[in-house]
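Work through the exercises below with the structure open. Try each task before reading its solution.

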Amino acid sequence: MKTHFQNKNSKESKSVSEGRRQLLRWIAASPLLTGAALADSRLENLLASLQLGVTAETNANPSAQNSELITSADQALNVFDFEPVARKNLPPAHFGHLVGGVDDDGTVRANRDGFTKFQIRPRRLVNVEHIDTSVRLLGGDWKTPIALAPAGSQKAYHPDGEIPVAKATQMHGNLQILSTSTSAPLEAVIEARGAPLWFQLYPTNVWEVTRALVKRAESAGCPVLVLTVDVQGAHNRETRERFIRMDHRDCEVCHGTVQERQYGVLLRRKTMFRGLDTSHVTDSIPDSMNWSFIKRLRDLTSMKLVIKGIVTREDAHLAVENGVNGIIVSNHGGRGENSGRSTIESLPEVAQAIAGRIPVLIDGGFRRGTDIFKAFALGANAIAIGRPYLYGLAAFGQPGVEAVLTILQRELRMIMQEAGTTTLSKITRAYVQAPGSTSTTGFMEHTIGENHG
């Protein structure tokens with residue numbers, strides 16, 4: 001099924017695509033769109049098919065909707081330019097898995113919209129000839145605060161999977177966090193990177209499997225273990241399912257029969273699980289996992305432990321009390337729960353609860369250098385991106401990933417100069433305010449609240 005991106009050279013296709021968007025906007029605004037009207041399944045199907053034409057990414061960059069696709073990575077003006085190329089290159093099911101969230105993708109949109117809740121307060125007459133964006137995290141030094149968040153099965157987006165991503169991070173000095181669901185062997189990714197990386201853990205419900213995964217990462221030289229805690233339970237990923245219905249390929253060719261796609265059997269195809277007994281594995285994260293699991297994990301390894309998925313001050317306090325070495329503020333890119341709350345809005349209360357005792361990283365919706373600046377003003381020590389570098393990977397391979405990293409680094413440097421902050425540590429809460437606010441103090445009291453949990 002072709003989209004208007006794939007028919008970029010056809011004026012007629014562009015006209016049809018614009019007409020579809022206009023129709024969608026008219027229907028959404030129409031007073032006739034009542035509960036009774038929505039009960040008509042034909043209207044629901046129409047809306048669903050029209051919605052697929054424009055993703056959260058293209059909505060965030062309207063100018064890209066009416067422009068030609070870039071044909072090389074160096075043509076990109078911003079990171080949004082890679083998404084339509086990725087869509088053209090990928091099978092519908094793979095693209096749907098990449099872009100979709102849960103339910104109506106409300107939290108995916110919230111992660112982007114959250115940045116509009118904060119404005120930057122630039123200072124003037126500051127010598128900004130020299131800008132330093134380097135950071136130190138858990139014993140490691142990095143040229144940039146932009147880390148690459150863990151993302152599984154990257155061969156779904158490029159034949160070489162995680163390898164070109166590792167090479168791009170080596171070239172640009174970025175931290176890479178590798179997923180348990182990596183499609184390239186951990187050791188091969190480290191070799192391509194030429195340096196250790198952090199390993200993200202899906203512990204599964206079988207402790208023997210958990211132990212094997214942790215020990216393999218430790219033996220490979222990974223200094224940090226990142227435990228994901230924000231995708232427990234079932235997930236209603238509607239966008240992914242709609243794109244799957246558009247994909248008419250025979251899935252069994254790559255993914256095996258229905259019996260072979262049972263969870264424990266499917267895991268054997270993943271490089272981290274080869275040679276392990278996964279017959280009793282039924283989930284990537286056990287529903288029974290609680291804070292006592294943290295102690296058990298800490299006793300298992302000498303690696304430093306980071307928890308990915310903390311979004312409240314209460315859990316931030318508990319993380320410190322349980323001896324965690326760092327946290328990542330994350331809602332799994334809107335793919336774990338439909339809270340409707342952005343990570344950037346969660347960051348201030350988490351950072352205040354941590355009070356500088358351990359590093360605070362954050363992911364979720366970062367697409368601009370100004371987004372990164374706002375995160376540092378609200379208490380982050382680094383940020384992580386997911387979908388942007390995967391769009392770059394799917395679009396142009398390693399050059400695409402490198403271009404995404406270059407653009408974000410360049411934009412960060414520019415806003416630091418414009419704001420008068422020569423180092424990341426100088427980006428404080430005084431540099432942001434709520435829209436319409438005249439006081440950063442009042443803004444922060446309103447945002448963080450007086451109770452510390």
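The exercises that follow use a predicted model.

**Exercise 1. Classify threonine 71 and asparagine 78 as buried or exposed.**

Solution. 
- Locate threonine 71: the loop between helix H4 (56-60) and helix H5 (82-89).
- Take its relative accessibility, 54%. Exposed means over 50%, so threonine 71 counts as exposed.
- Asparagine 78 also lies in the loop between H4 and H5.
- Its relative accessibility is 7%. Buried means under 20%, so asparagine 78 counts as buried.
- Check the side chain of asparagine 78: one of its polar atoms is 3.0 Å from the backbone nitrogen of phenylalanine 80.

**Exercise 2. Describe the surroundings of phenylalanine 82.**

Solution. 
- Start with accessibility: phenylalanine 82 has a relative accessible area of 0%, so the residue is buried.
- List contacts beyond four places in sequence: they include Ile70, Ala73, Tyr391, Phe396 and Ile407.

**Exercise 3. What kind of aromatic pair do phenylalanine 82 and phenylalanine 396 form, and which parts does it tie together?**

Solution. 
- Read the geometry: 6.2 Å centre to centre, with 80° between the planes.
- Apply the cut-offs: centres within 6.5 Å pair, and planes over 60 degrees apart count as edge-to-face. The pair is therefore edge-to-face.
- Phenylalanine 82 is in helix H5 and phenylalanine 396 in helix H18 (residues 387-396), so the pair ties together parts 314 residues apart in sequence.

Definitions and conventions. Residues numbered from 1 in each chain as written. Predicted model: local features only at pLDDT ≥ 70, side-chain atom pairs only at ≥ 80, totals over all residues. Heavy atoms only, no water. Helix = DSSP H or I, 4+ residues; strand = E, 2+ residues; numbered from the N terminus. Buried < 20%, exposed > 50% of the residue type's maximum accessible area, 1.4 Å probe, protein only. Contact = heavy atoms within 4.5 Å. Polar contact = N/O pair within 3.5 Å; in protein donor to acceptor, adjacent residues only side chain to side chain. Phe/Tyr/Trp six-rings, centres within 6.5 Å; stacked < 30°, edge-to-face > 60°.
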